[in-house]
Amino acid sequence: MPLYNMKENGSGYKIAKFDDDLNPEEKSVYTVTATECTCPSGHRPTCRHRQMLPEFQATGRVNTRWFLEFDNREWFFLDDRIGLVNEARVRRSWRRL
Ligand SMILES: [Zn+2]
């Protein structure tokens with residue numbers, strides 16, 4: 001399942017696609033706004049990248065270690081020690097603190 005993360009560098013939002021091992025997929029970084037996207041579906045009314053942008057913004061996960069698996073709408077946090085952690089497990093571990 002591909003994972004996506006979102007970066008904002010002052011000149012717009014960039015969404016990148018990664019495989020299960022978090023290797024970035026070649027040519028799969030797109031500049032995205034609410035209405036436009038540089039992906040191959042950019043000419044369509046919408047695309048998955050434009051749909052993901054508000055999800056990253058609403059959760060405050062732009063420029064973070066959070067990754068979204070779009071198909072299942074599942075979030076994963078990249079932990080230095082244990083790698084990707086599903087959001088449900090992250091929340092449980094935070095509650096233990
Ligand atoms: Zn797109």
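**Figure 1. Contacts across the chain.** Among contacts between residues at least 6 apart in sequence, 26% join residues at least 24 apart. Two residues are in contact if their C-beta atoms, placed from the backbone, lie within 7 Å. The model is predicted: local features need pLDDT of at least 70, side-chain atom pairs count only at pLDDT 80 or more, and totals for chains, interfaces and linings use all residues. Residues are numbered from 1 along each chain as its sequence is written.

**Figure 2. Order of helices and strands.** The chain has two helices and six strands. Along the sequence they follow the pattern β-β-β-α-β-β-β-α. Helices (H or I, at least four residues) and strands (E, at least two) are DSSP runs, numbered from the N terminus.

**Figure 3. The largest nonpolar core.** This core holds 16 residues. Y4, I15, F67 and L68 have the most contacts inside it. Two or more residues each come from β1 (3-8), β2 (13-18), β3 (24-32), α1 (48-58), β4 (66-69) and β5 (74-79). A nonpolar core is a set of buried Ala, Val, Leu, Ile, Met, Phe, Trp, Tyr and Cys residues joined through C-beta atoms within 7 Å. Beyond neighbours within four places in sequence, F67 contacts L3, Y4, N5, F18, F76, L78 and L84.

**Figure 4. M6 and its surroundings.** M6 sits in strand β1. It counts as buried because it has 22 C-beta neighbours inside 10 Å. Buried means 20 or more other C-beta atoms within 10 Å of a residue's own, placed from the backbone. Not counting residues up to four places away in sequence, M6 touches Y13, I15, L53, F56, R61 and V62. M6 and M52 are 46 residues apart in sequence and 8.8 Å apart in space, C-alpha to C-alpha.

Terms used. Buried ≥ 20, exposed ≤ 12 C-beta atoms within 10 Å, placed from the backbone.
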